[in-house]
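This briefing covers one protein chain.

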Amino acid sequence: MSRGRRALVAVAVGAALAGCGSHTAPGAKGDAPVVATTSTTSSGTSRATTSPSSSRTGPSDTATSAGAASDPLRPGDDGQAVEQLQRDLAAAGYWLGEPDGTYGHLTSQAVMALQKSAGLARDGIAGPKTLDALAAGTLPPLPAGPADRIHIDLERQVLLVVRDGAVETVLNTSTASGERYISHGRPAIAVTPTGTFTVGRVHRGNEVAPLGTLYSPRYFYGGYAVHGSGSIPAYPASHGCARVSNAAMDMIWEQDLMPVGSTVVVA
């Protein structure tokens, strides 16, 4: 095996064995724009493919289309139209807490999750294309798998709560950035492992890890967890974990959606 290939394998193995809860001395900022899409197979083999850095996919939805009745709804708006948007999102399965008529962080997260599911630009603004997708009842496709599970869709960057074989709740998430960093003094690549896993250790509240603080993590594979964060951007940005909003993580705990021993599928 050539020296270059050995180096690549070493980096990939480091990525496969690491995790948000076990990293040390990060070599990349957690919220830098994604420069690669990486994953590991269920057998533990890492793979990485580069892609253009972008936080937007699909057609833009920030301008009002011809004949539209009103301007797009956006963060900072409030009133009856926002409350109706919130109720419609919740009814479709996009969690945002209690509808209150104020377009805040959780509403933006729910809109972004819908946009990701519909293949629209991920800007968190409810323009005509987003509203059309909502009216159509758009949900991300659900592959075959265990009837009850947490399903993390790496391509669309959404986390699904699946019950009785159907999507019950959709959350915006941000997984591994594909960036290089240093783990235990060795180079590694930020990846989110793919496969079927079981929730093991859990921790309520803030847990300080070498790469930062994880809010109420529920670990499904070594140091990899679903955890709360103050930053869940439109693109993959973590060191390997699946980030959701702190409020969404509280909801997961309160409803016990990821008990120890439950199934997590990452694909």
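**Loop residues with positive phi**

Asp164 is exposed, at a relative accessible area of 71%, because a value over 50% counts as exposed. The model is predicted, and the points below are grouped by topic.

- Asp164 sits in the loop that runs between E4 and strand E5 (166-172).
- The phi angle of Asp164 is near 55°, which is positive in a residue other than glycine.
- Gln157 is placed in the loop between strand E3 (149-153) and strand E4 (158-163).
- For Gln157, phi is near 60°, again a positive value in a residue other than glycine.
- Gln157 has a relative accessible area of 1% and is therefore buried, the cut-off being under 20%.

**Arg243**

- Arg243 belongs to strand E13, which covers residues 242-245.
- The relative accessibility of Arg243 is 8%, so this residue counts as buried.
- From Arg243, the side chain reaches the backbone oxygen of Ser231 at 3.0 Å.

**Chain totals**

- The chain contains five helices and 14 strands.
- The chain has 267 residues, and 49% of them count as buried.
- Among contacts in the chain with a separation of 6 or more, 60% are between residues 24 or more positions apart.
- The accessible surface of the chain is about 11,700 Å², and carbon and sulfur atoms contribute 53% of that surface.

Conventions
Residues numbered from 1 in each chain as written. Predicted model: local features only at pLDDT ≥ 70, side-chain atom pairs only at ≥ 80, totals over all residues. Heavy atoms only, no water. Helix = DSSP H or I, 4+ residues; strand = E, 2+ residues; numbered from the N terminus. Buried < 20%, exposed > 50% of the residue type's maximum accessible area, 1.4 Å probe, protein only. Polar contact = N/O pair within 3.5 Å; in protein donor to acceptor, adjacent residues only side chain to side chain. Contact = heavy atoms within 4.5 Å. Areas by Shrake-Rupley, 256 points an atom, 1.4 Å probe, with all protein chains shown as cover.
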